[in-house]
Amino acid sequence: MPYNVLIVEDQDMPRELFEIYINSSDKFNHLLSISNASAALAVCRNNQVDLILMDVLTELGHSGLDAAEEIKKEFPEIKIVIVTSMPEYSWLERARKTGVDSFWYKDGQKESILDVMERTMAGENIYPDETPLIHIGNTTNHDFTERELEILKELTTGDTNTAIAERLHISLPTVKSHIQHLMEKTGFKTRTELVSEARSLGIVIKTKKD
């Protein structure tokens, strides 16, 4: 009996590719494709779902990680593979803490999605060692410390340094120091340029739960 797969993906091309891969395998059955993660739990309640391919950023801004957390609480037996093209630094750790079974980057990961699906259904947890390497200015995302990435994410809100310091429970001079290091590493002249590039590259993405 093939495993029933739910696809949660709001972009046409990857969704259609996932459907083609699933339909080419005798181990999986394409149950349904939806574009909004907030509807995934209801699908699980009304259907026999064995595996979910879940994007993180879905229609209307609904988070696949939020949906995965809800589904795992109610249906811990359902396997979930997070699929994303975004290198946001915090998603790998959050997926692990949420109980997501596997994590697959759409671009550049050596394992095929079918291989990850099969191994996940066999009980394995497939995770990349790190986020994809992305060049930003004169450096890469892997050259930032975790605290620098945290500060960079907060900068995308447009808040003042004082507000960021209060939210992260650190001193104002510490925030300023991290921002200075970010500017020096990347070579950008303004924080607006830094934030715009980091956001467009997907290095930091601020969601409702952050």
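A pocket is an open set of grid points with protein on both sides within 12 Å along at least five of seven lines. In this predicted model, the largest pocket has a volume of about 630 Å³. Its lining comprises 23 residues. Those closest to the pocket centre are Y89, S90, E93, E146 and K153. By class, the lining divides into 12 charged, 6 nonpolar and 5 polar residues.

Helix α6 spans residues 146-155, and helix α7 spans residues 161-168. The two helices pack with their axes 10 Å apart. The angle between them is about 125°. Angles of 65 to 115 degrees count as roughly perpendicular and those over 145 as roughly antiparallel. The pair α6 and α7 is therefore oblique. The crossing of α6 past α7 is right-handed. On the α6 side, the contact is made by R147, E150, I151, E154 and L155. On the α7 side, I164, R167 and L168 take part. This contact holds 4 nonpolar and 4 charged residues, with no polar ones.

Helix α6 also meets helix α8, which covers residues 172-186. Here the axes come within 10 Å and cross at roughly 95°. That angle makes α6 roughly perpendicular to α8. From α6, the residues in contact are R147, E148, I151, L152 and L155. Their partners in α8 are V175, H178, I179, H181, L182 and K185. By class, the α6 and α8 contact has 6 nonpolar, 2 polar and 3 charged residues.

Technical notes
Residues numbered from 1 in each chain as written. Predicted model: local features only at pLDDT ≥ 70, side-chain atom pairs only at ≥ 80, totals over all residues. Heavy atoms only, no water. Axes fitted to C-alpha atoms, helices over the stretch in contact; angles between N-to-C directions. Helix = DSSP H or I, 4+ residues; strand = E, 2+ residues; numbered from the N terminus. Parallel < 35°, antiparallel > 145°, perpendicular 65-115°, else oblique. Left-handed = near helix turned anticlockwise from the far one by under 90°. Contact = heavy atoms within 4.5 Å. Nonpolar A, V, L, I, M, F, W, Y, C, P; charged D, E, K, R; others polar. 1 Å grid on protein atoms, 1.4 Å probe; cavity = no way out; pocket = protein on both sides within 12 Å on 5 of 7 lines; lining within 4 Å. Points joined across faces, edges and corners; volume = space filled by probe spheres on them.
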